[in-house]
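This briefing covers a few local features of one structure. The sequence and coordinates come before the notes.

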Amino acid sequence: MLFNSYIFILVFLPICMIGYFGLNHFRKYTLAQAFLLGMSLWFYGYFNPGYLLIITVSIVANYLFTRLMGKTADPRLRKAELILALLANLGVLFYYKYYDFFITSVNQIAGTDFTLRHVLLPLGISFFTFQQLSYVIDAYRGQVQQYKFLQYASFVAYFPQLIAGPIVTHDELIPQFMDESKKKFNWDNFARGMFMFVLGLAKKVLIADVFGEAANWGFGNVASLDTTNAILASLAYTFQIYFDFSGYCDMAIGIGEMMNLELPVNFDSPYKALTITAFWSRWHKTLTRFFTRYIYIPLGGNRKGKVRTYLNIMIVFLASGLWHGAGWAFILWGFLHGAFNVVTRKWRPWFEKLHPALSWLMTFVFLNLTWILFRTESIPDSMVFLKKLLVPEFAPVSQEILDAFLLPELKLVLGHLPVLNRLVIYPSMLMLLFYGGALALVLGPRNAREHMLHYRPTVLNLLTTWVLLVWCILSFSGVSTFLYFNF
């Protein structure tokens, strides 16, 4: 189920809120938790009920693994149980996400003809697998108390963070499920959460999806691109993935706030970063935390000399690239980000002497170029796109790109307003307004999380929330999934 859909906003969310707080009001706490779990599973299995079997088996198996480790005193046996749990989780993830990529690579290298499975990738499998891996590893380390199954299942399946994060740890969410003070409906939290949710929805529907139309045309017609339209298409994807992922993170935190549950910040204005290391402290923060805790630090972190530190960084980013997608383009993307991180660390004094504007521009250009690997998902296609981008051949802006920004509602409203009707008559002006406005939004104001923390229930905030919500609902068209659903 999508956050940006009629059924979620008009049916699912009201039923969930009323049922959850209604049962808690009558002190039916266990029943309310079971209701929330049931709603989360409905949310997950809405598009494909077959997914429910996968996530249910995964939850039960991992819970049993942790209970078994909790009862095992022999350290060697506990370690064997941990290895078995890791292999089971990673094996399932490999089968659904990487099997065809692995077989294709073997066929290409060895000249074999093994058959591909073409298995449909279950939504969110990378997220709920990593979330459970963190729980299993912490249980092995003795850092987890023996929670009840209902609490554990709710922690894994809680619908706001289930499909695209954040990757929540047990100590962040399960104690909140057990806190009776959070089970009473709170109007202030609801207003703040709704404000946050609507801002995220607007980012997705009114900004990301618009840039997505331009990016889809550009990346779908690489052979016919010139430098002008290649630049516009690549920037369109850079803004699309930013507002798409930022919007999802905002909506997830907003829903949690409405339910008195605090989710960790996963997105913190990353395009404001002046260096690539700062970018990764702001983008997908919980994934960075996972790799730091469970790969980088166990490998030795920065405690075993510079060469080992740089190697550990490269391993982490190669793993990050592979986590994002099954393909050599994603691995190359991870390699490039790892290499730039190593270069930035090794020559840190030089980078620190750069003017902040130049440092930001270098980082932003690097991000824009490497996002091309994400969008094309193929190294040869990326090279073709880069050639179109870098070999000078300027031409007028494509009509298809201009049309992407000429939204029906804007055409209807602006077309009848003096002066502003020029934006409709000259669509290039509207396109530039979108690009300039997007850049201003990622660099200028406070992010949505900061807005929520300073939120006050004023008439202006109330009006903003409802105007944006109605506008977004009226703008729903077709199925527009979030980009991170693919990862």
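**Helix 5**

The 16 residues of helix 5 (residues 125–140) should span 22 Å at 1.5 Å a residue, and the end C-alpha atoms are 22 Å apart, which agrees. The expected span is 1.5 Å times one less than the number of residues; helices are DSSP runs (H or I, at least four residues) numbered from the N terminus. This is a predicted model, in which local features need pLDDT of at least 70 and side-chain atom pairs count only at pLDDT 80 or more, while totals for chains, interfaces and linings use all residues. Residues are numbered from 1 along each chain as its sequence is written, and side-chain values use heavy atoms, with hydrogens and water left out.

**Helix 9 and helix 23**

- The axes of helix 9 (residues 187–220) and helix 23 (residues 459–475) come within 9 Å and cross at roughly 40°.
- Residues of helix 9, including Phe195 and Leu199, meet residues of helix 23, among them Leu468 and Trp471 (contact means heavy atoms within 4.5 Å).

**Proline 49**

- Proline 49 sits in the loop between helix 2 (29–45) and helix 3 (50–70).
- Its relative accessible area of 58% makes proline 49 exposed (over 50%).
- Proline 49 and leucine 23 are 26 residues apart along the chain, and their C-alpha atoms are separated by 26 Å.

How values were computed
Helices (H or I, at least four residues) and strands (E, at least two) are DSSP runs, numbered from the N terminus. Axes are lines fitted to C-alpha atoms, for helices over the stretch in contact, and angles run from 0 to 180 degrees between N-to-C directions. Buried means under 20% relative accessible area, exposed over 50%, partly exposed in between (1.4 Å probe, protein chains only).
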